Amino acid sequence: MDFSFNEEQKMLQSQVQEIALMDVSPRASDIDSYTLFPWEGLKALSEADLMGMMVPPAYGGAGSDIVSFIIATQELARYCANTALVFVTQHFCEAGLLAGGQEEMKKKWLPMLASGEKIAAFAATEADCGSNVLAAQSTAQDQGNSYTVNGTKVYITAADDAELYLVVVRSNPAQGPQSLSILAIEKETLGLSFGRKYIRMGLNGSSNGEVILNNCQVPKINLVGPEGGYMAMFGAMSGVGLLGASAISVGLAQTALAESISYGKQRIVAGQPLGNYQAVQFMVSEMSALVDAGRAALYQAGAAHLSAPPGPPLHAMKAKLFTTDMAIKVTDLALQMHGGAGYTKELVIERLHRDARGLTLHFGVTEPLKELVGKALMGLMPG
Ligand SMILES: Cc1cc2nc3c(=O)[nH]c(=O)nc-3n(C[C@H](O)[C@H](O)[C@H](O)COP(=O)(O)OP(=O)(O)OC[C@H]3O[C@@H](n4cnc5c(N)ncnc54)[C@H](O)[C@@H]3O)c2cc1C
């Protein structure tokens, strides 16, 4: 398979790289250290019409495909995983609205999201159900033309910086997946508030926190997909999340490799460059092979996604599984190779490693994802 970029894709890559170098990279370290939301980078992406890459022009987007989105995400993640994570979350929510939003909501919200004027968040996780969203207990009680929504969502990316929340709720008392729905809830809704903010190991600039819903009145027109249609909606959105997380992982790993090669040439130990040691050569060759394999897995899955039938995107799941582990391994090797310096905050390596570590825990936690892929391969998925 040929994964070389065409002219348009090369232009996009240069465009995003320019933005990343001008408006993303210079702030990446402060964003991480001081838990700042990456507004400047997002503004630059907005000005370049890149916040709604897969939204059709009729709703104010660029109308590009998933491969273009992967290229942009990977490029951003080379410089700042926080910016890339918010970027992916925005596109994930846009995919949800596109797939299941009612026309009035699409017309109202998609242009604002695609222009970057407003940020969106996806709120599924709860304290008692993380990796298994099917056990979500937030309720949406039917009031005729609206729902009364109650619940608390945890670990939400862009929590209080977003203006629109795609929230997973239980819209009838039955416990099966058929009773779960997605509601788009606006920030101004009475009863919506924010709880604690999390200080985490990495990805601290993505404004991760609790979203609390206390007797929020949400019109039925805000349903994303049919009532009880969470599974179908998630199926339509998940490729974007999985491939987005995979692209962030590849971007992070790429930087770790480039930094390591450069360090191996320039760092002199006992009179000779570090790169002269065979053990160091082994490390960079392993990193390089892993990055190549990760990139191939990512773009193969991206290409497959362009023509994938509806249903669980197995190609994207497998790419996500492989590349998130790959990024942890590569950034860990990079840290080892940088010695004591790599463990300090004076170099980017430790941040790359901390950021990479978060990606096996979101957009499909590794173990349940493996179980899902394994079941599908064994023909054990319910039809
Ligand atoms: C960087 C980041 C960003 C996030 N952003 C969002 C967001 O925007 N919106 C949102 O809703 N959530 C978000 N989350 C939350 C994330 O989706 C959850 O952390 C994740 O679903 C896991 O839930 P949990 O933390 O409750 O883990 P738990 O459910 O407590 O699971 C803990 C561990 O148990 C194991 N495990 C769980 N289930 C199984 C199983 N079936 N089989 C085998 N092993 C299993 C896994 O190793 C798992 O890591 C984010 C998390 C991170 C790290």
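At what angle do the axes of helix α6 and helix α9 cross? In this predicted model, local features need pLDDT of at least 70 and side-chain atom pairs count only at pLDDT 80 or more, while totals for chains, interfaces and linings use all residues. Residues are numbered from 1 along each chain as its sequence is written.

The axes of α6 (residues 230–266) and α9 (residues 349–357) cross at roughly 155 degrees and come within 10 Å. Axes here are lines fitted to C-alpha atoms, for helices over the stretch in contact, and angles run from 0 to 180 degrees between N-to-C directions. Helices (H or I, at least four residues) and strands (E, at least two) are DSSP runs, numbered from the N terminus. The two helices α6 and α9 are therefore roughly antiparallel, a term for angles over 145 degrees, with under 35 counting as roughly parallel, 65 to 115 as roughly perpendicular and the rest as oblique. The crossing of α6 and α9 is left-handed, that is, the near helix is turned anticlockwise from the far one by less than a right angle. On the α6 side the contact involves S249, L252, T255, A256 and E259, which meet I349, L352, D355 and A356 of α9; residues are in contact if their C-beta atoms, placed from the backbone, lie within 7 Å. These residues divide into 5 nonpolar, 2 polar and 2 charged, where Ala, Val, Leu, Ile, Met, Phe, Trp, Tyr, Cys and Pro count as nonpolar, Asp, Glu, Lys and Arg as charged, and the others, Gly among them, as polar.

The chain is divided into domain 1 (7–114), domain 2 (120–224) and domain 3 (230–377), with bounds from an automatic or database domain assignment. A distance of 22 Å separates the C-alpha centres of domain 1 and domain 2. Between these domains, 23 residues of domain 1 are in contact with 20 residues of domain 2. On the domain 1 side, α1 (7–33), α4 (81–100) and α5 (103–114) each give two or more residues, and α4 gives the most, with 11 residues. That side of domain 1 consists of 13 nonpolar, 8 polar and 2 charged residues.

Two further helix pairs were examined. The axes of α1 and α2 (residues 39–47) lie 8 Å apart at an angle of about 165 degrees, and the two helices are therefore roughly antiparallel. Their crossing is left-handed. Residues I19, M22, D23, V24 and R27 of α1 make the contact with E40, G41, A44 and L45 of α2; of the residues in this contact, 5 are nonpolar, 1 is polar and 3 are charged. The axes of α3 (residues 66–79) and α4 come within 7 Å and cross at roughly 155 degrees, which makes α3 roughly antiparallel to α4. In this pair, F69, T73, L76 and A77 of α3 meet A81, T83, A84, F87, V88 and H91 of α4. The contact of α3 with α4 contains 7 nonpolar and 3 polar residues, and no charged ones.

The ligand is surrounded by 20 residues, of which the closest are T125, G130, T157, H362 and E367; a residue is near a molecule if its C-beta atom, placed from the backbone, lies within 6 Å of it. Elements giving two or more residues to this shell are β1 (120–123), β3 (146–156) and α10 (366–377). The shell comprises 10 nonpolar, 8 polar and 2 charged residues. Both domain 2 and domain 3 give residues to the shell, so the ligand lies between them.

Terms used. Two residues are in contact if their C-beta atoms, placed from the backbone, lie within 7 Å.
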